[in-house]
Amino acid sequence: MSNFIDKTFTVIADILLKVLPASKQEKQAFSYYRAGMSAQSDGKYAEALENYYEALQLEEDPYDRSYTLYNIGLIYGNNGNYSQALEYYHQALELNSNLPQALNNIAVIYHSQGLNALQMQTQDDNLEMREDEYLELAKEFFDKAAEYWRQAIKLAPDNYPGAQNWLKVTGRLISEDSF
């Protein structure tokens, strides 16, 4: 099914490239973006990054650039490079504040870091930090996750039910949140 969708997308994209009025540079940027998406869906992350970086060199439209930056963030996040992922998600949001998926992914990273801090509390035999410092660090990460999830949910109220439940269960739901 996925292969059918990829082929359908490719055919539609080719038609759009021919039909829509766009400059040669815009068409080339879209072509690189499309190649990046194809490589990314095949798990060829290095190739996808190369194509996305080429698209960024050519693409001038902030909205289109935001999706390219978001996809670069996805690749870095999938490869465990969370600081790079956060950097690209934030760049995408600077260009397009209506990206709930980027807000959600930022929240997921902070939530994961909070869980890691809690786990380190129980596994740190050398006690590099005191137990209360690990708890405070975890709380800071969880608070950041809550901040980004609230923003994502405001943009897409029907999405992220797990995040909505987590906000309620952890007492991080703010009364002005109406989802």
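Asp143 is partly exposed, with a relative accessible area of 29%. This value, like the others reported here, comes from a predicted model. Asp143 forms a salt bridge with Lys139. The closest N and O atoms of that pair are 2.7 Å apart. Both residues belong to helix H7. They are four residues apart, about one turn of the helix. Lys139 has a relative accessibility of 40% and therefore counts as partly exposed.

Asp143 also meets the side chain of Arg172 in a salt bridge, at 2.9 Å from N to O. Asp143 lies in helix H7 and Arg172 in the segment after H8, so this contact ties together parts that are 29 residues apart in sequence. Arg172 counts as buried because its relative accessibility is 16%, and the limit for burial is under 20%. Shared partners join Lys139, Asp143 and Arg172 into one network of salt bridges. A search of the whole structure finds two salt bridges.

Helix H7 spans residues 131-155. Ala138 is also placed in this helix. Ala138 is buried, with a relative accessible area of 1%. Its C-alpha lies 7.8 Å from the C-alpha of Asn116. In sequence, Ala138 and Asn116 are 22 residues apart. Leu135 is another residue of helix H7. At 43% relative accessibility, Leu135 is classed as partly exposed. Leu135 contributes to a nonpolar surface patch together with Leu115 and Leu118. The patch covers about 240 Å².

The overall fold is helical. The protein chain contains eight helices and zero strands. Read along the sequence, its pattern is α-α-α-α-α-α-α-α. The chain has 179 residues, and buried residues make up 37% of them.

Aromatic contacts were examined next. The count comes to eight aromatic pairs. In one of them, the ring centres of Tyr33 and Tyr52 are 5.8 Å apart. The planes of Tyr33 and Tyr52 stand at 45 degrees, so the pair is tilted. This pair links distant parts of the chain. Tyr33 sits in helix H2 (residues 24-41) and Tyr52 in helix H3, 19 residues apart. Both Tyr33 and Tyr52 are buried.

The pair formed by Tyr63 and Tyr67 has another geometry. Their ring centres are 5.2 Å apart. Their planes are at 65 degrees, so this pair is edge-to-face. An angle over 60 degrees is what places a pair in that class. Tyr63 and Tyr67 are four residues apart in helix H4, so about one helical turn separates them. Tyr63 is partly exposed, with a relative accessible area of 46%. Tyr67 is partly exposed as well, with a value of 23%. Elsewhere, Tyr110, Phe141 and Tyr148 form one aromatic cluster.

Charge at the surface was also considered. Glu26, Glu60, Asp61 and Asp64 form a negative surface patch. Glu60 is placed in the loop between helix H3 (45-58) and helix H4 (62-78). Glu60 counts as exposed because its relative accessibility is 64%, and the exposed class begins over 50%.

One backbone angle deserves mention. Phi of Tyr160 is near 60 degrees. This is a positive value in a residue other than glycine. Tyr160 occupies the loop between H7 and helix H8 (161-169). With a relative accessible area of 18%, Tyr160 is buried.

Definitions and conventions: Residues are numbered from 1 along each chain as its sequence is written. This is a predicted model: local features need pLDDT of at least 70, side-chain atom pairs count only at pLDDT 80 or more; totals for chains, interfaces and linings use all residues. Side-chain values use heavy atoms; hydrogens and water are left out. Patches are made of residues with over 30% relative accessible area and no salt bridge: like charges are joined within 9 Å, nonpolar side chains (Val, Leu, Ile, Met, Phe, Trp, Tyr) within 5 Å. Accessible areas come from the Shrake-Rupley method with a 1.4 Å probe; for residues, only the protein chains shown count as cover. A salt bridge is a side-chain nitrogen of Lys or Arg within 4 Å of a carboxyl oxygen of Asp or Glu. Lys and Arg count as positive and Asp and Glu as negative; His and the chain ends are not counted. The place of a charge is taken as NZ of Lys, CZ of Arg, CG of Asp or CD of Glu. Helices (H or I, at least four residues) and strands (E, at least two) are DSSP runs, numbered from the N terminus. Buried means under 20% relative accessible area, exposed over 50%, partly exposed in between (1.4 Å probe, protein chains only). Rings of Phe, Tyr and Trp (its six-membered ring) pair if their centres lie within 6.5 Å; planes under 30 degrees apart count as stacked, over 60 as edge-to-face and the rest as tilted.
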